[in-house]
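Please look over the chain displayed below. The report that follows takes its aromatic residues, its sheet and a few single positions in turn.

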Amino acid sequence: MTAAREQWDNMKQEAVYDDTRLIAGSQMEGWRLGYVGAPWPGPWPKRNGDLFVQDPDGGQAGIAWESDGPDILEILGASSGRWGVYQIRFPHPVMSEDDLIRNFHAVLPLLKRARDGLFQDEARRPGGPT
């Protein structure tokens, strides 16, 4: 196990997001999507919102999704309890919870690369050089 991975495993024990808020049916390849707060009432379509993602190892990251903007942008790096907070552009209109799930599945490769990059990029890893 790499030093970065070991340090992250120690940090993630203090999860920031409530895993009871994970969305049923969102699971893909062990990854799941969750609400930060209560699900949003209408009107629809939604243009942005806050969610979180949980990876297969139980690590979490925040998602500030938008209907416009860059595909992915790091807002906050790794900190205690999460491997980052990211602005993500959802490619499909959000009219329902099913659309949130559809968009999550569409952007999952971006989230995987962001998480994997955390342990490959020396300057960004938890406890790495500042």
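Trp 65 counts as buried, because its relative accessibility is 1% and the cut-off for buried is under 20%. This is a predicted model. Phe 90, at 2% relative accessibility, also counts as buried.

**Aromatic pairs**

The structure contains four aromatic pairs. One of them joins Trp 65 and Phe 90 in a stacked arrangement. Their centres are 5.0 Å apart, with 10° between the planes. Trp 65 belongs to strand S3, while Phe 90 sits in the loop between strand S5 (85-89) and helix H2 (97-120). The pair therefore ties together parts that are 25 residues apart in sequence.

Another pair is made by Trp 83 and Tyr 86. With centres 5.8 Å apart and planes at 50°, this pair is tilted. Tilted covers the angles left between stacked, under 30 degrees, and edge-to-face, over 60. Both Trp 83 and Tyr 86 are buried. Together with Trp 31, they form one aromatic cluster.

The two pairs are set out here.

| Pair | Centre to centre | Angle between planes | Class |
|---|---|---|---|
| Trp 65 and Phe 90 | 5.0 Å | 10° | stacked |
| Trp 83 and Tyr 86 | 5.8 Å | 50° | tilted |

**Overall fold**

How many helices and strands does the protein chain have? There are two helices and five strands. Along the sequence they follow the pattern α-β-β-β-β-β-α. The protein chain has 130 residues, and 40% of them count as buried. Among contacts with a separation of 6 or more, 47% come from residues 24 or more positions apart. The protein chain exposes about 6,800 Å². Carbon and sulfur atoms supply 49% of that area.

**The sheet**

In which order do the five strands lie in the sheet? The order is S1-S2-S3-S5-S4. The sheet is open, and its pairing is mixed. Strand S1 (32-35) and strand S4 (72-76) are the edge strands, each pairing on one side only. From one strand to the next, the twist averages 35°. Strands of a sheet pair through backbone hydrogen bonds, in either the parallel or the antiparallel sense.

S1 pairs with S2 over four bridges, in the antiparallel sense. Tyr 35 stands opposite Leu 51 in S2. On to the next pairing. Strand S2 (residues 48-54) and strand S3 (residues 60-66) run antiparallel and are joined by seven bridges. Asn 48 has Glu 66 in S3 as its bridge partner.

S2 and S3 form a hairpin, with five residues between them. Gly 58 lies in the turn and has a positive phi of about 90°. Is S2 enclosed or open to the outside? Five of its seven residues are buried, so S2 is largely enclosed by the rest of the structure.

**Gln 60 in strand S3**

Gln 60 lies in strand S3. What does the side chain of Gln 60 contact? It makes a polar contact of 3.1 Å with the side chain of Gln 54. A polar atom of the Gln 60 side chain also lies 2.9 Å from the backbone nitrogen of Tyr 17.

**Gly 77 in the loop between S4 and S5**

Gly 77 is found in the loop between S4 and S5. Is Gly 77 buried or partly exposed? Gly 77 has a relative accessible area of 26%, so it is partly exposed. Leaving aside neighbours within four places in sequence, Gly 77 is in contact with Trp 83 and Gly 84. Trp 83 is also a member of the aromatic cluster with Trp 31 and Tyr 86. Gly 77 and Leu 118 are 41 residues apart in sequence. In space, their C-alpha atoms are 8.8 Å apart.

Conventions: Residues are numbered from 1 along each chain as its sequence is written. This is a predicted model: local features need pLDDT of at least 70, side-chain atom pairs count only at pLDDT 80 or more; totals for chains, interfaces and linings use all residues. Side-chain values use heavy atoms; hydrogens and water are left out. Two strands pair if DSSP finds at least two bridges between them. Axes are lines fitted to C-alpha atoms, for helices over the stretch in contact, and angles run from 0 to 180 degrees between N-to-C directions. A polar contact is a pair of N or O atoms within 3.5 Å; within protein, one must be able to donate a hydrogen and the other to accept it, and residues adjacent in sequence count only if both atoms are side-chain atoms. Rings of Phe, Tyr and Trp (its six-membered ring) pair if their centres lie within 6.5 Å; planes under 30 degrees apart count as stacked, over 60 as edge-to-face and the rest as tilted. Buried means under 20% relative accessible area, exposed over 50%, partly exposed in between (1.4 Å probe, protein chains only). Contact means heavy atoms within 4.5 Å. Accessible areas come from the Shrake-Rupley method with a 1.4 Å probe; for residues, only the protein chains shown count as cover.
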